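Me: I am new to this structure and would like to know what stands behind the words used for it. Please go through them one at a time.

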Amino acid sequence: MPPADLAQLEAVSLPLRKVLSAPGKPIAAVYFPKTGYVSMLAYLEKGDAIKVGVVGNEDHRAAGPAWG
């Protein structure tokens, strides 16, 4: 990332279970976790959710390879 773009980044603290984006809604911000991880969920027709991926500070993984 170019230094000019890095200068625009802002550190934020996120509470547990904060929804960062939702289907059908515009993306308000892009997050790069320094610690911990962010789960990507897929919502089923009956309202249940399943984890389909994980993003951490080094890379992202689909749920299949991460958990077998």
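Reply: To begin with, contact means heavy atoms within 4.5 Å. The model is a predicted one. Leaving aside neighbours within four places in sequence, Tyr37 is in contact with Lys51, Val54, Val55 and Gly56.

Me: Where is Tyr37 found, and why is Tyr37 called exposed?

Reply: Tyr37 belongs to the loop between helix 1 and strand 1. Exposed requires a relative accessible area over 50%. Tyr37 has 53%, so Tyr37 is exposed. In space, the C-alpha atoms of Tyr37 and Asn57 are 7.1 Å apart, while in sequence these residues are 20 residues apart.

Me: Why does Val12 count as partly exposed?

Reply: The class lies between the cut-offs: under 20% is buried and over 50% is exposed. Val12 has a relative accessibility of 48%, and therefore counts as partly exposed. Val12 sits in the loop between helix 1 (3-6) and strand 1 (38-43). A distance of 9.0 Å separates the C-alpha atoms of Val12 and Tyr31, which are 19 residues apart along the chain.

Me: What share of the chain is buried?

Reply: Of the 68 residues in the chain, 6% are buried. The chain exposes about 6300 Å², and 56% of that area is supplied by carbon and sulfur atoms.

Me: Which elements does the chain have, and in what order?

Reply: The chain has two helices and three strands. Starting at the N terminus, the order is α-β-β-β-α. Among contacts with a separation of 6 or more, 4% are between residues 24 or more positions apart.

Me: How do you know that strand 1 and strand 2 pair?

Reply: Pairing requires at least two bridges between two strands. Strand 1 and strand 2 have six bridges in the antiparallel sense, so by that definition they pair. Leu41 stands opposite Lys51 in strand 2, and Met40 stands opposite Gly53 in strand 2.

Me: What do strand 1 and strand 2 form, and which residue in the turn has a positive phi?

Reply: The two strands form a hairpin, with five residues between them. Gly47 in the turn has a positive phi of about 100 degrees.

Me: What is the volume of the largest pocket, and which residues are closest to its centre?

Reply: The largest pocket has a volume of about 1500 Å³. Its lining has 33 residues, and the closest to the centre are Leu14, Lys18, Leu20, Tyr31 and Val38. Strand 1 and strand 2 (49-55) are the elements that give two or more residues to this lining. Strand 1 gives the most, with five residues.

Me: How do you know where empty space is left?

Reply: Empty space shows up when a probe the size of a water molecule is rolled over the atoms.

Conventions
Residues numbered from 1 in each chain as written. Predicted model: local features only at pLDDT ≥ 70, side-chain atom pairs only at ≥ 80, totals over all residues. Heavy atoms only, no water. Helix = DSSP H or I, 4+ residues; strand = E, 2+ residues; numbered from the N terminus. Buried < 20%, exposed > 50% of the residue type's maximum accessible area, 1.4 Å probe, protein only. Areas by Shrake-Rupley, 256 points an atom, 1.4 Å probe, with all protein chains shown as cover. 1 Å grid on protein atoms, 1.4 Å probe; cavity = no way out; pocket = protein on both sides within 12 Å on 5 of 7 lines; lining within 4 Å. Points joined across faces, edges and corners; volume = space filled by probe spheres on them.
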